[in-house]
Amino acid sequence: MATKLLIEAIREGLREEMQADERVFILGEDVGTRGGVFRVTEGLLEEFGEMRVIDSPLAESSIIGVAIGAAVNGMLPVAEIQFLDFIHPAMDQIMNEAAKFRYRSGGDFGCPIVIRSPYGGGIHGALYHSQSLEALFTHTPGLKVIAPIDPYDAKGMLKSAIHDPDPVIFLEHKRAYRALKAEVPDESYTVPIGKAKIVREGSDMTIISWGWYLQEAMAAADAYMADEDASIEVIDLRSLRPLDTDTILESVMKTGKAMVVHEANKFGGLGGEISAIIAEEAFAYLDGPIMRIGGPEVPAMPYSPPLEKAFLTNQYDIRAAIERLAAY
Amino acid sequence: MASKSSSGTATIPKPDNEAGDVSHEDMRRMFETMFLARSLDERMWLMNRAGRAPFVISCQGHEAAQVGIAFAMDPSKDWLVPYYRDLAFVLHFGVTPRDVMLSLLARAEEPSSGGRQMPGHYGSRKHHIVTSSSPVGTQYAQAPGVALASKMRGEDAVTATCIGEGGTAQGDFHEGLNWASIHNLAVLFVVQNNHYAISVPMEKEMAVEHVADRAVAYGMPGVTVDGSNVLEVYAAARIAVERGRRGEGPTLFEVVVDRLTPHSSDDDDRFYRSREEVDSYRERDPLSISLARIKELGAMSDEQEAEIRERVKQQVNDATDYAEAAPLPDASEAFKHVYAE
């Protein structure tokens with residue numbers, strides 16, 4: 001088994017599904033000749049041709065609209081939105097159309113599309129190449145939203161997403177594309193949507209995270225455990241909708257302490273929902289407040305290095321929060 | 001009004017003979033579909049005003065436009081991505097009078113949505129009608145995708161999508177036309193121009209005389225057709241449909257119609273149109289004009305017309321009775337079909 005970067009794992013997943021199923025095709029800005037601005041789709045145009053790797057016009061609403069129409073007529077489109085920050089023109093197609101096709105047709109129509117999009121900051125992308133907007137989509141029943149960060153998970157979950165009968169938003173943390181690598185089998189496999197993964201087992205505290213901040217949370221937990229006689233359980237949520245509440249609640253009932261760490265805005269973020277579920281379902285097991293770490297109250301990530309750094313949370317911030325929570 | 005080509009790079013010739021090779025039987029079927037749509041629509045308004053149906057969105061005045069185009073298509077393989085005013089269109093694609101009344105009354109067995117959607121939001125995989133919504137314009141970005149899938153499989157199916165002239169102000173109008181022309185897709189972009197976006201008149205919606213004038217920007221033919229004579233609409237639509245079927249690409253197809261009713265049963269058009277204006281529309285009612293032309297061509301006897309009227313009346317009564325007796329959905333249905341089960 002070879003070690004692969006996150007970006008390679010995603011590309012491999014796309015290539016394998018396109019080889020295996022003629023219905024799968026790619027559309028998006030610069031995905032063809034350029035192979036995507038991050039090179040996720042590099043080499044796919046050469047292998048599959050212009051009919052299956054479509055360089056779209058610079059128009060997000062129709063990228064998703066065309067994907068929806070093709071899906072209705074028997075195809076399995078994988079649409080790329082070049083940066084998640086640019087998805088807003090397509091919101092009508094995603095929220096009012098894709099998410100509602102099945103419900104509004106009483107199950108007669110599904111909408112089996114995948115929307116891949118790089119998200120997240122820390123790469124000097126400034127306001128419009130850094131946003132983490134997952135909460136916009138997790139708020140909408142009818143959509144599935146996944147954000148695998150481990151290359152193994154990314155390949156397997158992408159395959160699940162492509163064959164899922166409902167629309168899936170597949171979020172790729174751009175900072176992790178070439179920073180994270182893992183053992184990824186060359187052969188085909190799937191990782192199910194809707195299951196969280198315990199990446200560190202522990203008994204004294206639960207940290208729930210996803211995306212790049214999972215790395216920071218694990219580093220903080222490791223550092224804390226090296227210094228203190230304590231064990232921290234870390235959960236990679238992977239799937240944001242549907243949410244694996246069983247894994248979350250079992251862990252919190254075991255540890256009695258919960259913290260949610262995400263890069264997206266804290267206010268109104270998914271961490272608030274997870275906290276509320278814990279409070280409703282596991283209140284009697286808690287021996288400390290549910291803590292949340294999330295983006296600050298500014299509209300988006302600024303550009304200049306000290307400003308960007310000020311926006312971001314790192315393992316030391318999380319370590320400090322762990323200590324505050326551990327004190328209860 | 002004659003078919004008028006825009007100054008687009010490709011043009012569609014005006015058909016020489018509006019009747020063409022349409023059989024007399026087909027002419028009678030066209031009239032019957034138009035009359036069925038009108039009768040269902042009028043029944044729905046009656047029921048609304050009698051307090052038996054909460055909401056109606058109407059196709060009155062658009063029947064000849066819709067039926068003329070629908071008859072130029074092949075519902076067994078072609079697709080329709082409709083908007084909410086397409087009652088006559090969907091009838092030709094297979095929606096039944098009972099389906100229509102079940103939709104009006106949001107009954108459990110309503111096939112488009114199981115009573116989840118407002119009336120008029122038709123959709124049916126079986127009938128090749130894509131599920132429709134209320135946001136204006138989204139269907140124009142989806143239709144090229146439907147046609148793209150047909151092209152990928154090497155099929156010669158044509159996809160029609162409909163919008164009012166009001167919806168052409170939306171970005172998805174532009175994006176859909178752009179996609180279809182880049183990829184030479186078999187899409188018939190139908191604009192049912194009834195001069196009003198609810199209350200806002202044409203001159204406040206756009207600065208061009210005809211929506212079809214915009215076709216030149218997409219390198220596709222644009223035609224403006226008078227929507228009062230079903231045979232004239234059919235003749236022009238057939239040229240556009242065949243063009244798509246031959247793989248020659250999309251057409252922007254504007255049909256000029258009059259909206260004989262307010263926007264919906266919740267609208268009152270006395271605030272923005274004079275009664276004289278609406279009366280003048282009634283004088284050029286597409287149903288009367290099409291009927292006169294069909295009879296002038298000797299395609300329908302008085303006896304045949306009476307038979308059709310009687311048959312339609314019975315269908316509308318049957319559909320009304322059937323839907324009124326049909327049960328409402330069980331409340332548990334509200335939570336179903338969010339995801340595949």
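Reader: Let's start with one residue: is Arg39(A) buried, partly exposed or exposed?

Author: This is a predicted model, so keep that in mind throughout. Arg39(A) has 14 C-beta neighbours inside 10 Å, so it counts as partly exposed. You'll find Arg39(A) in the loop between strand 2 (24–28) and helix 2 (44–48) of chain A. Its backbone is worth a look too: phi is near 80 degrees, a positive value in a residue other than glycine.

Reader: Which residue of chain B has a positive phi although it is not a glycine?

Author: That's His128(B), with phi at about 65 degrees. His128(B) also sits in a loop, the one between helix 4 (97–104) and helix 5 (138–152) of chain B. With 22 C-beta neighbours inside 10 Å, though, His128(B) counts as buried.

Reader: OK, helices next. How do I read a packed pair?

Author: Two packed helices are described by the angle between their axes and the distance between the axes. Take helix 1 (residues 6–20) and helix 7 (residues 151–162) of chain A: they pack at an angle of about 30 degrees, with axes 8 Å apart. Angles under 35 degrees count as roughly parallel, and therefore helix 1 and helix 7 of chain A are roughly parallel to each other. The crossing there is right-handed.

Reader: Which residues in helix 1 of chain A meet helix 7 of chain A?

Author: Helix 1 of chain A brings Leu6(A), Ala9(A), Ile10(A), Glu12(A), Gly13(A), Leu14(A) and Glu17(A).

Reader: How do I spot the buried side of a helix?

Author: An α-helix has 3.6 residues a turn, so residues three or four places apart point the same way. Now look at helix 9 (residues 245–255) of chain A, where Ile248(A), Ser251(A), Val252(A) and Thr255(A) are buried. They cover an arc of only 95 degrees around the axis, which puts them on the same side of helix 9 of chain A. Their cover includes strand 10 (205–209), strand 11 (232–236), strand 13 (258–265) and helix 10 (270–282) of chain A.

Reader: Where is Pro242(A) found?

Author: In the loop between strand 12 (239–241) and helix 9 of chain A. Check omega there: the peptide bond from Arg241(A) to Pro242(A) is cis, with omega near 0 degrees.

Reader: Last one: how many residues does the contact take from each chain?

Author: It takes 34 from chain A and 35 from chain B. On the chain A side, helix 3 (60–72), helix 4 (91–97) and helix 5 (101–104) each give two or more residues. Helix 3 of chain A has the largest share, nine residues.

Notes:
Residues numbered from 1 in each chain as written. Chains lettered and ligands numbered in written order. Predicted model: local features only at pLDDT ≥ 70, side-chain atom pairs only at ≥ 80, totals over all residues. Contact = placed C-beta atoms within 7 Å. Helix = DSSP H or I, 4+ residues; strand = E, 2+ residues; numbered from the N terminus. Buried ≥ 20, exposed ≤ 12 C-beta atoms within 10 Å, placed from the backbone. Arc of directions from axis to C-beta. Axes fitted to C-alpha atoms, helices over the stretch in contact; angles between N-to-C directions. Parallel < 35°, antiparallel > 145°, perpendicular 65-115°, else oblique. Left-handed = near helix turned anticlockwise from the far one by under 90°.
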